[in-house]
Amino acid sequence: MTNNTQRINALLDREEIRQLRLRYSQLLDSGQAEKMDEVFIEDAEVKVTVGSMKGIEEIKQSLKDAYHLFDTKKRQHFPFVHAVTNHTITLVDEDHAHGSCYLLDFVTDREQAQHPFLLLGHYVDQYVRVNGEWRIAHSELDVVWPEQ
């Protein structure tokens, strides 16, 4: 029975971790960067196209700024859409994991005749459980297209 319990707990942990990346996308795309503490630990480090950020307050501010930067039509409604897929997660121990997923990043301010892709990327993340809840401790985006 213990083996089955461990397997079920591992599945639940992986799903909670997977939800972090989905929640990140939802918060970022809908302009709710102030809620990123639902996703990251206090001293998290994030490296993405808009820069490197250290600590939750810098992450919140930088992602809020990115939202406004990409909201070129001032609609305040999904200036970009971050779709994540192919998420793999390795549980290291009860409180640590690492994983990666693909990013398909769309922008919504382009004319219909133009393709909506901003970039294709690969997130590499480190996760930690804090007070019983999984959070992202470190995240780095590798842009695979377009070449930079």
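**Figure 1. R21 and its contacts.** Neighbours within four places in sequence left aside, R21 is in contact with V84, H87, C101, Y123, D125, I136 and S139; contact means heavy atoms within 4.5 Å. The model is a predicted one, in which local features need pLDDT of at least 70 and side-chain atom pairs count only at pLDDT 80 or more, while totals for chains, interfaces and linings use all residues. Residues are numbered from 1 along each chain as its sequence is written, and side-chain values use heavy atoms, with hydrogens and water left out. R21 sits in helix 1, which covers residues 2-29. Helices (H or I, at least four residues) and strands (E, at least two) are DSSP runs, numbered from the N terminus. With a relative accessible area of 1%, R21 is buried. Buried means under 20% relative accessible area, exposed means over 50%, and partly exposed is in between, with a 1.4 Å probe and protein chains only.

**Figure 2. Y67 in helix 2.** This view shows Y67, a residue of helix 2. The relative accessibility of Y67 is 6%, so Y67 counts as buried. Residues up to four places away in sequence are not counted in what follows: Y67 touches L28, D29, S30 and G31, and also Q76, H77, F78, P79 and F80. For one of these, S30, the C-alpha to C-alpha distance from Y67 is 8.5 Å, although 37 residues separate the pair in sequence.

Figure 3. Most residues other than glycine have a negative phi. Phi of Q76 is near 55 degrees, a positive value, and Q76 is not a glycine. F78 is not a glycine either, and has a positive phi of about 50 degrees. Q76 is exposed, with a relative accessible area of 60%. F78 has 33% relative accessibility and therefore counts as partly exposed.

**Figure 4. T90 in strand 3.** T90 has its place in strand 3, which covers residues 80-93. At 39% relative accessibility, T90 is partly exposed. If neighbours within four places in sequence are left aside, T90 is in contact with A97 and H98. The C-alpha atoms of T90 and R14 are separated by 8.1 Å, and the two residues are 76 residues apart along the chain.

**Figure 5. H138 in strand 6.** Strand 6 covers residues 133-145 and includes H138. The relative accessible area of H138 is 18%, so H138 is buried. H138 touches E45, K47, V124, D125 and Q126, with residues up to four places away in sequence not counted.

**Figure 6. The peptide bond between W145 and P146.** Most peptide bonds are trans. The bond that joins W145 and P146 is cis, with omega about -5 degrees. P146 is placed in the segment after strand 6.

**Figure 7. The whole chain, for orientation.** The chain has two helices and six strands. From the N terminus on, these elements run α-β-β-α-β-β-β-β. The radius of gyration of the chain is 16 Å, close to the 15 Å that the globule rule gives for 148 residues, so the chain is as compact as a globular protein of that length. The radius is taken over C-alpha atoms, and the rule is 2.2 Å times the number of residues to the power 0.38. Along the principal axes, the C-alpha atoms fill a box of roughly 55 × 30 × 25 Å. Of the 148 residues in the chain, 36% are buried. Among contacts between residues at least 6 apart in sequence, 49% join residues at least 24 apart.

**Figure 8. The annotated span, residues 10-138.** An unreviewed UniProt entry carries the annotation "domain: SnoaL-like" for residues 10-138. UniProt positions are given in the numbering used here, feature names are shortened, and annotations may be inferred rather than shown by experiment. The span is 27% helix and 46% strand, and the C-alpha atoms at its ends lie 21 Å apart.
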